[in-house]
Amino acid sequence: MYIVSFLHFLSKPSYGGVIIIVRHRKIFYKQRRRGSGSQSNMAAPRGFPASPAAVMCRDVPVFPAVPLSADAAPFTPQGADAWQRGARQQTDAERLFCRCAAKLRGLRADSGQLREDLNLLFDQLISENFNRTLEPNINIRPEDVCNLLVNASCLVPMSQEHLVVKLCKLVHHLLNQLKVIMDEHTLDVMLKYMTSVLEGCSAWTHPGVLQALATVVYGNGPQCHQHLDNLMGEGGILLLYSAPSQPDMDLRHMALNCMANICVRISGQLPLDDGHKSVCFSVFLQTLQAARPDDGDELFYCIVIQTALKGLHCCLLGGKWKFGGGEVVGSVLAALKRLMFQGTPGISVEWPAVLYPAPLPHYESPSARKPDEDVTKPTEAAKDSGGKASVNKKRRSRGKVKKTSVEESRRDDEDDSEAAALAPHKTGSEAKPAVSLYPSWKRSTSDSEFSDPEGSAQSKLRLSHARVRQAALHCLLAVVKWVEKRTLYGYWSSFIPEAPVGNGAAPPLTLLTIILKDPSPKVRACALQALSAMLDGSRQFLAVAEDTALPPTSYTPFSFTLATAVRELHRSLSLALMAETSPHTLTQVIKCLAHLVSNAPYHRLRPGLLSSLWKQIRPYVRHRDANVRVSALTLYGALVTTQAPLPEVQLLLQQPEGSGASDGSSSFTPQDSRAPRWRRGGGTPSPCTPRTPKETEGGPPWLLTHCAALVTQPRDEPSDSEGGGALTLEPSPVRLEALQVLSLLVRGYISLTQACLCEIGQLSARCLAESDPSIQLHGAKLLEELGTGIIQQYQAQSEVPEGTRVPMSQVVQFWMEVLSGPLNCALQNQQHPTLQTSACDTLSSILPQAFAQLPDKTQLMCITVLLGLTYSDSDLVKMAAIRALGVYVLFPCLREDLMFVADTANVILAALDDRSSNIRAKAAWSLGNLTDTLLVNMDCMEVDFQEEMSDMLLLKMLQVATRAAADKDKVKCNAVRALGNLLHFLRMGQLSRVAFRQPLEDAVRALVKSVHSVATMKVRWNACYALGNAFRNPDLPLESACWARDAFAALCDVVASCKNFKVRIKSAAALAEPAHRRCYGDTERFGRVWRSLAAALRSSEDTHDFLEYRYSASLRHTLSRALLHLLCLGLPADLPTIAASLLSKNGPGSVREHLKKYLRDEGAAAGDEKDVAAGDTKNPQQRVQSLQQTVERLRAMEEEESGKEALICFLEDLLKDCKEP
């Protein structure tokens, strides 16, 4: 059946209608000319098939609905080829490519016109521009390009060397412009062809072949493994041409480029194998270490060095350092340091071949100038000075430069910046102090100093030198990232000065020299990035720095040397901050300062460094460039984070808003001498009326006020990246960074921000009500930090006086407003799981005492929402909800609610079976908290909580926790904690049931296995603590159960042999937990426990790890307490073993000496060790009294065991020693 549809009536007399006949989903297009007698006489249009072509329905263009009327626009038909291409017009480049490819396919190798035809086709293809950057509509399939190249390689014989070179040029042209990734077959064919050409053709063809080869192998190194041995094996042509002895610099450059492209790794592909990568690495390093040939062109030499640096960078990006030990690292760093100063005028240094992890100042000091140097080598001096005839000659600034602003004086384009870098510093009174910061070779040059050809050549050479320096710094950055931090610390003195510059001594050549004096802003930015990478993560290394006291005169301590380096970094970066005018480089300066502030130990340094930096950076938060404003806020975030709360920063935060700006020195940046008025303002505009000095001192910190204004208030003027027009809010990155600073400020200095509690809550609510998910997320984070800060104030160990804490009524009111605002919408926003996660974390940061005073419906809402979110499809949301429930179960007002505890337990147990290990880890942590609650309720509640708790739920918790103890370490560490709590909680009524017997044994054996395992030490000491927790249960059958023997044996082995002292401390504490002698079993088991503890006490100082040695005092304390505990419980049958152990050895390191120190409280644990040794609440007097009672009990024994009298004499002597002063 046919369905005929008339789409349009045409007004043109020369065309009829277009009739679409549909049958069996096939569409036939028929176009009839009016008045024609037959179709056979009608000529087919160009490009149209003679017979009607069947086209699929999806190829039919959709016509817009047009009403039938005489006024309708006439129909204009397209060509048939447009219909076949889906109504897309081919570009000229596509048509040329298709035509040439078709002609190439039609050529035969035996044709007499083959050479002429190939020449013509290659010329046409090479002359066409296929660059998709200029012509984005070019759509040539990669397989078509590969087929064309394979066909061409089959047609071009190696005897036709001109055609071979032209084919290689075509390969480079197509692959480079079309960005084609070749398939394996094409890659293999082209590599075989080019390898044969390199072996069989004349040398003059090799540069073009190597250029094409470099394009072919780009990112395909792992796929070329079959050909790499021929290219880079012994006698390989790439090794031959890339050798430093190769006289042809062009061939050397091409060969190095091939090797560099082989090392390039494209994302998602396997890296090059280590063997071939090491070969390339050695070649690149030899190239960098080789001197420039005397007769070589310096510009081309720079190109070769850039290629070698590119290849070295590709090798270094492959992961961890795999190229040898410290000698190789020193060689690479030495070569990079030399190239960091490539082409820098005025530097004549004898560079070392290797840098050693020790300062070598004689290598870096400028060499003595020869008397006849200036006379004999005037051309070299001119070349070093960048083409300037005299460095000290006064020059006139270009008129064009004088008219530009200060911000434009250093261009991002290197050639412009090197030609006119600091001309504005020479004008006006403000320029005078800035001139001393820069050498004369950085100033702009006059047009009359050299002719145009000379100027062009010198500009190219300076630009080439700058690119070498930039590439060297990129490689240094890669070395810093991939070489182990501890290895690099020894080389810091080669890149960071250890002493202030002055006293007439020549300044060392370091990264700071480049940052302050290099004419290229891109090079300065690279140096700053490398310095930032060195400082990042160096907190542990810099923690030794200290200069609060004067050093000894006889020597300089390493701590003082590090402190001096930190101060020199501050000084130099501050100078760079004042002088830098390139916005991108200025951003890097501030970021580098942020890395320095985040890692330096300012609590061990003399105050003042942060104060000057605080005032200096303040104007940059109003800089025109948004990136500079963001980096300035990042620096403020580092300032309020470092060792918070730091007294110096606290004083800075308490300063009045206008402090430090009265003299105008810190009210605007040095780059703002011609800035508009709004940028030169001293403080944040405020609509409030002027305040008295007392009101100002008690007001909120300036930083808090300014960050809040950045988030909520519109800008007075647009940024450089913004257009003019109506007032708008700050760009999103600025607002996000301001919120981040507010969060850090609240976290570290809650006492200064608590006065603005309501305002911060309103700000967070406003952020949560916005449409931008990032702003919402940071608003929720701010609430979380505020809640966490309040919780820290109310903790038992808090040093904050009760009168200065946030009032409880204010906390309750704050959370009532928050929970009734847009936080609820954030909790239910399923489109943004990250926001839901942050909202759950906010709920978990409510102060427990304040939660108890919230209305019942608000409490119920929080609990209901969290329980519901544990069933979310998002793992992040589920993790956050489970963690929040683990916090809530510790709340005093909720832990007594049996229904809530049971509901939480069921949710946690279900989450422990989740497929995600992260969810299981959070669930295990929450289960540990829940079992902590069970023990607290067991001790505190008047009603017998254990009887009300469901036995089936307890059994399920025990079984699930046992399975979790066999999971990953991050799950296991909390699962064993939960097992210890459950074994402590179970009573005789449950332990006697048959259903509990096997789960009980499985639980204990799981703990024993964790004690013996090779898991992380946290798992092992938690398992030891869990066994000790279980030993506190008087209903456990420790004397008769088969699993008890294994538990005691595991603890005895660990306490004497484990290398980790914290594990030994926990195991010793566990062995001292049983309260009765029967719990230790028979005499043999008791004797083993005693001997293990005594042996552990004698070896408590035997360690080679300093990190473990700091816990040795705590270990001796715990072992001594455990031995005296066993001595109090010992029976007459145990005395021989005890006496033999105590009387075996005297003197330093003996058990007697350690027991005497414990009784006299000598060498007590301090600092972190107190937390590890927690559990001993007896003072020295009580310990001595307990030992006296033990002596009296021994005397009262009727049995005359061997060693009894000797043991009593030993203990009496020990008591006499304790009483002596």
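Begin with Q643, which sits in the loop between α29 and α30. Its phi is positive, at about 45°, although Q643 is not a glycine. Most residues other than glycine have a negative phi, and most peptide bonds are trans. Q643 is partly exposed, with a relative accessible area of 26%. On that scale, buried means under 20% relative accessible area, exposed means over 50%, and partly exposed is in between (1.4 Å probe, protein chains only).

Before moving on, some ground rules. This is a predicted model: local features need pLDDT of at least 70, side-chain atom pairs count only at pLDDT 80 or more, and totals for chains, interfaces and linings use all residues. Residues are numbered from 1 along each chain as its sequence is written, and side-chain values use heavy atoms, with hydrogens and water left out.

**Stay in this loop**

Select A644 and P645. A cis peptide bond joins them, with omega about -5°. P645 is also in the loop between α29 (626-639) and α30 (647-654).

**Jump to K179**

K179 lies in the loop between α5 (161-178) and α6 (184-200). Its phi is near 55°, a positive value in a residue other than glycine. Is K179 buried or exposed? It is exposed, with a relative accessible area of 62%.

**Zoom out**

Show the whole chain as a cartoon. Its secondary structure comes to 61 helices and three strands. These elements are DSSP runs, numbered from the N terminus: helices are H or I with at least four residues, strands are E with at least two. Of the 1221 residues, 51% count as buried. Now think about contacts, meaning heavy atoms within 4.5 Å. Among contacts with a separation of 6 or more, 72% are between residues 24 or more positions apart.

**Find the rings**

Colour Phe, Tyr and Trp. Their rings (for Trp, the six-membered ring) pair if the centres lie within 6.5 Å; planes under 30 degrees apart count as stacked, over 60 as edge-to-face and the rest as tilted. How many aromatic pairs are there by this rule? The count comes to 15.

Select Y489 and F541. This pair is stacked, at 4.1 Å centre to centre with 10° between the planes. Y489 is in helix α21 (residues 485-489) and F541 in helix α25 (residues 539-542), so the pair links distant parts of the chain, 52 residues apart. Y489 counts as buried at 16% relative accessibility. F541 is buried too, with a relative accessible area of 14%.

Next, take F1048 and Y1080. Their ring centres are 5.7 Å apart and their planes are at 45°, so this pair is tilted. F1048 lies in helix α52 and Y1080 in the loop between α53 and α54, so the pair ties together parts that are 32 residues apart in sequence. Both F1048 and Y1080 are buried.

**Walk along α52**

Select residues 1042-1057, which make up helix α52. It has 16 residues and reaches 24 Å from its first C-alpha to its last, close to the 22 Å expected at 1.5 Å a residue. The expected span is 1.5 Å times one less than the number of residues. Buried residues of α52 include W1043, F1048, L1051 and C1052. The buried residues of α52 pack against α50 (994-1012), α51, α53 (1061-1071), α54 (1083-1098) and α56 (1112-1129).

Now select W1090, in helix α54. W1090 is buried, with a relative accessible area of 1%. Its C-alpha is 8.9 Å from that of C1052, 38 residues apart along the chain. Not counting residues up to four places away in sequence, W1090 touches L1123, L1126, L1127, T1137, I1138, S1141 and L1142.

**Last stop: two packed helices**

Select α48 (residues 969-985) and α51 (residues 1017-1031). They pack at an angle of about 5°, with their axes 7 Å apart. Axes are lines fitted to C-alpha atoms, for helices over the stretch in contact, and angles run from 0 to 180 degrees between N-to-C directions. α48 and α51 are therefore roughly parallel to each other. Angles under 35 degrees count as roughly parallel, over 145 as roughly antiparallel, 65 to 115 as roughly perpendicular and the rest as oblique. Residues making this contact include V976 and L983 of α48, and V1019 and A1023 of α51.
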